[in-house]
Amino acid sequence: MDCEARVKEFIRDSLGCGCDEEVFRHIMVERGVRVGGATLMRKINVGNRLLVYVLEAGADTIRQLPLLVKAGRDERDARGFNRFRLVLLSNDKNLKKAAFDAFNAIELLDEKVHLHVLRKDEAKGI
C-alpha cells in the first residue's frame with residue numbers, strides 16, 4: 001500500500017472522516033514541521049479541504065494544546081480549508097482525558113476544529 005492509500009485509510013478509518021472520494025485526489029504529507037511550539041510528525045493536506053496535524057504527545061503537549069489549536073485553526077482559515085483535526089498519539093491512557101479537558105477549555109474552538117487522541121499504532125504507516 002502506498003503512502004497516499006495509507007493516509008486515506010487513516011483519515012477515513014482512524015479519524016472517521018466522511019470526505020468525498022474526490023477530496024482524496026490530492027494528498028500532501030509534510031514531516032517534521034514546527035507548529036505552535038511543537039514538531040509535528042505529519043502535517044497532512046487532504047484535497048485543500050482538510051488539514052491534519054499529527055504529533056506524538058508528551059509531557060508538554062497539554063500545555064501546548066492552545067497554541068497548536070490556534071495555529072491549526074489560523075492555517076485552516078488562511079488557506080480556505082473546511083476542517084482542522086489535531087491528532088495526538090500516545091499510549092498513555094491518562095493523557096486522553098487530560099487532552100480533552102484542556103481542549104474543551106480552549107476558547108478558540110468552533111465546530112470545524114476536532115481533537116483525536118489515538119494509540120501510536122493507529123497511525124502506523126502514515
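How do strand 5 and strand 6 pair, in the parallel or the antiparallel sense, and over how many bridges? They pair in the parallel sense, over 7 bridges. Two strands count as paired if DSSP finds at least two bridges between them.

## Basis of the model

This is a predicted model: local features need pLDDT of at least 70, side-chain atom pairs count only at pLDDT 80 or more, and totals for chains, interfaces and linings use all residues. Residues are numbered from 1 along each chain as its sequence is written, and side-chain values use heavy atoms, with hydrogens and water left out.

Helices and strands are DSSP runs, numbered from the N terminus; a helix (H or I) has at least four residues and a strand (E) at least two.

Strand 1 and strand 4 are antiparallel, with 5 bridges. Here Arg 31 stands opposite Arg 42 in strand 4. Strand 4 and strand 5 also run antiparallel, joined by 5 bridges. Ile 44 faces Val 52 of strand 5 across this pairing. In the parallel pairing of strand 5 and strand 6, Leu 50 has Arg 83 as its bridge partner in strand 6. Tyr 53 stands opposite Leu 86 in strand 6.

## Two enclosed strands

Is strand 5 buried or exposed? Of its 7 residues, 6 are buried, so strand 5 is largely enclosed by the rest of the structure. Strand 6 has 6 of its 7 residues buried, so strand 6 is largely enclosed by the rest of the structure. Buried means under 20% relative accessible area, exposed means over 50%, and partly exposed lies in between (1.4 Å probe, protein chains only).

## The aromatic pair

A search of the whole structure finds 1 aromatic pair. Tyr 53 and Phe 84 form it, edge-to-face, at 4.8 Å centre to centre with 75 degrees between the planes. Tyr 53 lies in strand 5 (residues 50–56) and Phe 84 in strand 6 (residues 83–89), so the pair ties together parts that are 31 residues apart in sequence. Rings of Phe, Tyr and Trp (its six-membered ring) pair if their centres lie within 6.5 Å; planes under 30 degrees apart count as stacked, over 60 as edge-to-face and the rest as tilted.

Both partners are buried: Tyr 53 at 1% relative accessibility and Phe 84 at 0%.

## The cavity

The structure holds 1 cavity of 30 Å³ or more. The largest cavity has a volume of about 30 Å³. A cavity is a set of points on a 1 Å grid over the protein atoms alone where a 1.4 Å probe fits but cannot get out; lining residues have an atom within 4 Å of a point. Grid points are joined across faces, edges and corners, and the volume is the space filled by probe spheres set on the points.

Which residues line the largest cavity? They are Met 28, Glu 30, Lys 43, Ile 44, Asn 45, Leu 51 and Arg 79. By type, the lining divides into 3 nonpolar, 1 polar and 3 charged residues. Ala, Val, Leu, Ile, Met, Phe, Trp, Tyr, Cys and Pro count as nonpolar, Asp, Glu, Lys and Arg as charged, and the others, Gly among them, as polar. Strand 1 (27–31) and strand 4 (42–46) each supply at least two lining residues. Strand 4 gives the largest share, 3 residues.

## The hairpin and its loop

The hairpin of strand 4 and strand 5 has 3 residues between the strands. Gly 47 takes a positive phi there, near 60 degrees. Asn 48 is in the loop between strand 4 and strand 5. Its phi is near 55 degrees, a positive value in a residue other than glycine. Asn 48 is partly exposed, at 41% relative accessibility.

## Around strand 4

Met 41 sits in the loop between strand 3 (38–39) and strand 4. Met 41 is partly exposed, at 25% relative accessibility. Arg 12, in helix 1 (residues 3–14), is partly exposed at 28%. Arg 12 and Asn 45 are 33 residues apart in sequence and 14 Å apart in space, C-alpha to C-alpha.

Key. 1 Å grid on protein atoms, 1.4 Å probe; cavity = no way out; pocket = protein on both sides within 12 Å on 5 of 7 lines; lining within 4 Å.
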